[in-house]
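Subject: Structure for you to look at

Dear colleague,

Here is the structure I promised to pass on. Please open it beside this message; my notes on what was found follow below.

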Amino acid sequence: MSQQQVRSTTASGSGSAVYESERAVEEYLQFHFGGERCMPYGFGPKEALDFAQRCGKVCVEFAREDRRRVAYDVGCAVGGTSFELSKGFEKVVGVDFSHAFIAAANRMKDSKEHPYRSTEIADIRSEQMAILPAETHPSRVTFHQGDACNLGDIGPVDCMVAANLLCRLPSPISFLQKAIETITPGGILVLVSPFSWLTEYTAKDAWIGGYCTPEGAPVDSAAECAKILSPHFDLIHQKDEPFLIREHNRKFQYGVSDCTVWRKKE
């Protein structure tokens, strides 16, 4: 009997267990550090590349000079955004539920590179190397496995970023409540999400928007997040951020996340 192939992280309904697979680590090393290798065609959406680094740049751009001590990258995966944050923050903590992702992120920190295999077509793979970008400060970054819905006592935080995380949590409201509690006055929450809710990750009664009322009225996720955050934060930036994950050299996942920056009220 042939061994069942591990599904790509781009396959809807893969479930959270897929993020512990070797294939997931390889896809995310390429997603975070692959650059133009992720889209080898000149006619492809190159503006969707380097998503992890762009998320980190948004944080650094909008963080006040007096609020750059501690940054948390929640749902950090293999660390691309965390390393970008190290350019502007004294201490960066990357947290992810996946043990495999955290192991890869720590290897990137320690070795400044990580070999991986890139799927070309089906079982054909090429050997590649993820390289830590220049001008990052890995000594400022720590990674550990943890639960975004139960971060524990993490102390005051000047910046918290969650990139493509919210709609993969069993209790997204718990994460937002923790952000409200821990972000310092004047600090920022950077929330980046495509709002692609699935019951494989989040029970429908825990979705923040993305459904219709019994009367048939649509409930918008961005508007519902704003209702939760607005009493505590001011919205200071909103932009659509495209992203692209390569499954193989002829198949890709292209998405557009809603990126909002919220400054904690003083």
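The crossing of α1 and α4 is right-handed, a term used when the near helix is turned clockwise from the far one by less than a right angle, anticlockwise being left-handed. The contact is made by Ala24, Val25, Tyr28, Leu29 and Phe33 on the α1 side and by Ala100, Phe101, Ala104 and Met108 on the α4 side, where contact means heavy atoms within 4.5 Å. The axes of α1 and α4 (residues 99-111) come within 10 Å and cross at roughly 45°. Axes here are lines fitted to C-alpha atoms, for helices over the stretch in contact, with angles from 0 to 180 degrees between N-to-C directions. The two helices α1 and α4 are therefore oblique to each other; under 35 degrees would count as roughly parallel, over 145 as roughly antiparallel, 65 to 115 as roughly perpendicular, and the rest is oblique. Helices (H or I, at least four residues) and strands (E, at least two) are DSSP runs, numbered from the N terminus.

Before the rest, two notes on the source. This is a predicted model, in which local features need pLDDT of at least 70 and side-chain atom pairs count only at pLDDT 80 or more, while totals for chains, interfaces and linings use all residues. Residues are numbered from 1 along each chain as its sequence is written, and side-chain values use heavy atoms, with hydrogens and water left out.

The sheet

Seven strands form an open sheet with mixed pairing, in the order β5-β2-β1-β6-β7-β11-β10. Two strands are taken to pair if DSSP finds at least two bridges between them. At the edges stand β5 (141-145) and β10 (233-248), each with a single partner strand, so one side of each is left without a neighbour in the sheet. From one strand to the next the twist averages 15°.

On the β5 side, β2 (residues 91-96) pairs with β5 in the parallel sense over five bridges. Valine 93 is opposite threonine 142 of β5 in this pairing.

Further in, β1 (residues 70-74) runs parallel to β6 and is joined to β6 by three bridges, with tyrosine 72 opposite methionine 160 of β6. On to β7, β6 pairs in the parallel sense over six bridges, and alanine 162 has leucine 191 of β7 as its bridge partner. Seven of the seven residues of β6 are buried, so β6 is largely enclosed by the rest of the structure. Buried means under 20% relative accessible area, exposed over 50%, and partly exposed in between (1.4 Å probe, protein chains only).

Helix α2 (residues 51-62) lies across β6 (157-163), β7 (183-193), β10 and β11 (251-264), and runs at about 165° to β10.

Salt bridges

The count comes to 18 salt bridges, each being a side-chain nitrogen of Lys or Arg within 4 Å of a carboxyl oxygen of Asp or Glu.

Arginine 23 is buried, and glutamate 247 counts as buried at 14% relative accessibility, whereas lysine 251 is partly exposed at 43%.

Lysine 57 and glutamate 84 meet in another salt bridge (3.1 Å, N to O). Lysine 57 is in α2 and glutamate 84 in α3 (residues 80-85), 27 residues apart. Here lysine 57 is partly exposed, with a relative accessible area of 44%, and glutamate 84 is buried, at 5%.

Two buried residues

Leucine 176, in α5 (residues 172-182), is buried at 0% relative accessibility. Not counting residues up to four places away in sequence, leucine 176 touches Leu166, Leu189, Leu191, Ile208, Ile228 and Leu229.

Serine 221 belongs to α6 (residues 221-229) and counts as buried at 5% relative accessibility. With the same exclusion of sequence neighbours up to four places away, serine 221 touches Phe195, Trp197, Ile208, Gly209 and Gly210.

Regards
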